[in-house]
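These are my notebook entries on a structure that I am consulting for the first time. I set down what I looked up, entry by entry.

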Amino acid sequence: MDKNLEYTRNIGIMAHIDAGKTTTTERILYYTGRTHRLGEVHDGNAQMDWMIQERERGITITSASTTAFWKHEDKDYKINIIDTPGHVDFTVEVERSLRVLDGAIAVFCAVGGVEPQSETVWRQATKYGVPKIAFVNKMDRAGADFFGVVQQIKDKLGSNAVPVQIPMGSEENFTGVIDLVENKAVVWYDDETMGTRYELEEIPEQYREEAEEWRTKLVEVVAEVDDTLLERYFEDPESITRENMLEVMRRSTIEGIAVPVLCGSAFKNKGIQRLLDAIVSYLPSPNDIGAVKGINPKNDEEVFRKPEVSEPLAALVFKIATDPFVGRLAFIRVYSGELKTGDMVLNMRTGKRDRINRLFQMHANKQTPKESISAGDICAAVGLKNLKTGDTLCAIHKPIWLESMDFPNPVIGIAIEPKTQVDIDKLGIALGKLAEEDPTFKVQTDPDSGQTIISGMGELHLEILVDRLKREFKIECNQGKPQVAYKEAITTAIEHREVFRKQTGGRGKFADISVELMPADDGFAGLQFIDKVKGGNVPKEFIPSVEKGFKMAMSNGPLAGFPLENLKVILKDGSYHPVDSDSLSFEIAAKRALRDVARKCNPVILEPIMKAEVVTPEEYVGDVVSDFNRRRGKVEGMESKAGSRVITAKVPLAEKFGYVTVLRTLTSGRATSTMEFSHYDQVPEEISKKIIEKI
């Protein structure tokens with residue numbers, strides 16, 4: 001076990017938009033000495049928001065990576081930090097970052113609490129088994145409610161939220177925190193040191209009772225996890241020491257049993273140093289996470305690689321970015337072994353060898369060259385060709401497949417064309433680069449109109465991409481109206497025999513298949529193909545071609561040419577000709593089979609349904625709800641939060657274009673809304689007819 005790795009932390013900072021995530025990261029960089037001036041999001045000079053679009057809009061678009069160092073209890077820790085976006089349109093950035101991180105800080109606004117995107121990122125972190133600590137930010141804001149947010153984390157996220165700090169005061173009276181582990185008050189002094197100076201003091205009289213109550217709750221949680229401590233607690237609660245509490249809370253956090261909750265105000269420079277202490281105290285090192293699991297491609301058996309330099313190389317590419325100075329950067333998490341400049345590595349997806357030209361440690365968009373990067377670390381590499389997000393890089397003679405990532409399909413598209421003829425070739429190259437960076441961004445050519453259609457996760461996503469074409473690639477584009485990414489589905493089953501025969505002199509073509517087509521089983525997306533052919537009536541070598549034919553035919557549905565959402569095909573029987581049959585004949589037979597009978601399976605059009613949440617003052621609730629009803633929306637819930645009403649609804653994406661402007665008008669600019677993809681659902685018949693007529 002590598003001793004140095006004990007002092008390494010790979011963490012991400014995740015949150016809902018406007019929870020103060022980037023401000024928290026900026027403060028971490030300042031207090032760790034990574035930067036010497038404070039970057040502010042609202043001033044457009046945050047270090048981690050380095051893209052022009054991020055600085056203009058005050059939002060994070062791309063996950064930025066950096067490395068900081070922190071001294072705690074005379075030990076030096078190295079913290080690799082990834083600041084992820086909060087906006088749901090950029091959910092891919094959160095997904096791929098969490099896949100390679102060992103721990104996460106979930107930042108919550110003390111006023112807004114658990115918001116829709118907080119739930120999404122929390123679910124993503126849980127999916128990858130990432131241990132979490134929570135930081136309740138903006139304690140200085142009017143309406144701040146620390147204990148309310150703790151309760152929401154328990155109720156809405158189903159997590160065992162355990163405060164290890166409680167605030168002293170709130171809103172403008174927020175002066176510091178009470179550390180329940182130390183049983184001391186932590187007070188920051190607003191002087192010229194920008195919050196660098198704080199003191200541990202005795203707990204003020206007015207907070208003692210509350211601190212005692214919450215410390216008892218913390219001790220009870222700690223005691224429940226460890227039987228010997230539980231016995232000691234019953235005999236003498238005072239005998240449980242600070243070290244006991246830290247050790248058990250660390251174990252509980254790493255195992256996902258508990259989520260330590262801290263609080264502060266990043267903007268007012270309060271609480272960040274204690275958050276850094278909590279990162280190194282509670283979140284795991286690569287050693288704690290242990291060996292990474294993969295598949296040996298030679299025998300499909302599970303293999304494990306420990307986070308040690310002596311092990312064979314296993315690394316995962318989690319992001320591709322284009323840098324104007326060094327070219328294509330591949331962000332890599334090294335799980336085992338060592339990556340060195342000049343090394344040859346194997347890309348498991350392509351089966352080809354690649355050379356590492358240069359390695360960098362990243363700080364936002366600046367790079368520090370490195371000769372080698374060891375197990376447990378995160379870096380960026382230059383020189384690797386044909387890489388995609390999710391690729392496994394490994395030692396040439398010790399192959400391993402690491403689990404990749406799933407990315408959602410785009411739900412919205414727009415047609416674009418360059419304003420000048422000269423830019424046509426440039427546009428193709430630029431779109432190719434952007435698609436390499438972002439797996440949720442798709443580019444295709446409309447076969448009927450010849451237009452270039454770009455698709456993404458939402459209006460903001462596409463707006464940013466068009467803006468990047470203009471700024472980074474100097475391509476001005478005209479764009480059409482947003483288009484919904486509809487899909488189709490069949491609803492009934494049918495049996496069918498397809499015989500494909502072609503004789504054109506010389507060798508002919510022949511394939512014969514008997515299939516049953518039906519909707520796929522619940523939860524299955526794409527093609528569900530089952531081979532039930534007996535006695536070699538269809539030779540084994542032709543069966544993959546039948547599957548390929550159906551898969552290709554699914555891209556063009558029977559009603560309006562939208563892709564089929566899912567399909568179950570049972571290949572029951574068939575026949576072949578010893579001379580005329582080949583793979584292509586069976587592929588064509590499968591394509592024709594679907595084309596010929598899909599219309600008889602009662603096909604329907606499906607549309608993306610979005611989960612929308614609107615936070616509005618009480619007096620506008622009626623207007624907002626009736627507007628949802630007009631948009632074919634279903635209001636699912638209403639609750640009060642911090643003097644406002646929170647309305648949740650499911651609404652078809654087709655009815656949500658331009659909604660932000662309408663909501664502003666309805667509520668005099670006082671309401672806010674968020675929207676994320678929920679599921680696909682059947683389009684009502686009268687609307688389905690209109691869609692088909694348009695096409």
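Entry 1. I began with Leu 564, which is found in the loop between α13 (543–553) and β34 (566–575). Helices (H or I, at least four residues) and strands (E, at least two) are DSSP runs, numbered from the N terminus. The model is predicted: local features need pLDDT of at least 70, side-chain atom pairs count only at pLDDT 80 or more, and totals for chains, interfaces and linings use all residues. Residues are numbered from 1 along each chain as its sequence is written, and side-chain values use heavy atoms, with hydrogens and water left out.

Entry 2. I then looked up the surroundings of Leu 564. Leaving aside residues up to four places away in sequence, Leu 564 touches several residues, among them Glu 488, Ile 490, Met 554 and Leu 594; contact means heavy atoms within 4.5 Å. Met 554 is 10 residues from Leu 564 in sequence, and their C-alpha atoms are 5.1 Å apart.

Entry 3. I turned to Arg 250, in helix α8 (residues 242–254). Arg 250 is also buried, at a relative accessible area of 19%. I noted a polar contact of 2.4 Å between the side chains of Arg 250 and Asp 288. A polar contact is a pair of N or O atoms within 3.5 Å; within protein, one must be able to donate a hydrogen and the other to accept it, and residues adjacent in sequence count only if both atoms are side-chain atoms.

Technical notes. Buried < 20%, exposed > 50% of the residue type's maximum accessible area, 1.4 Å probe, protein only.
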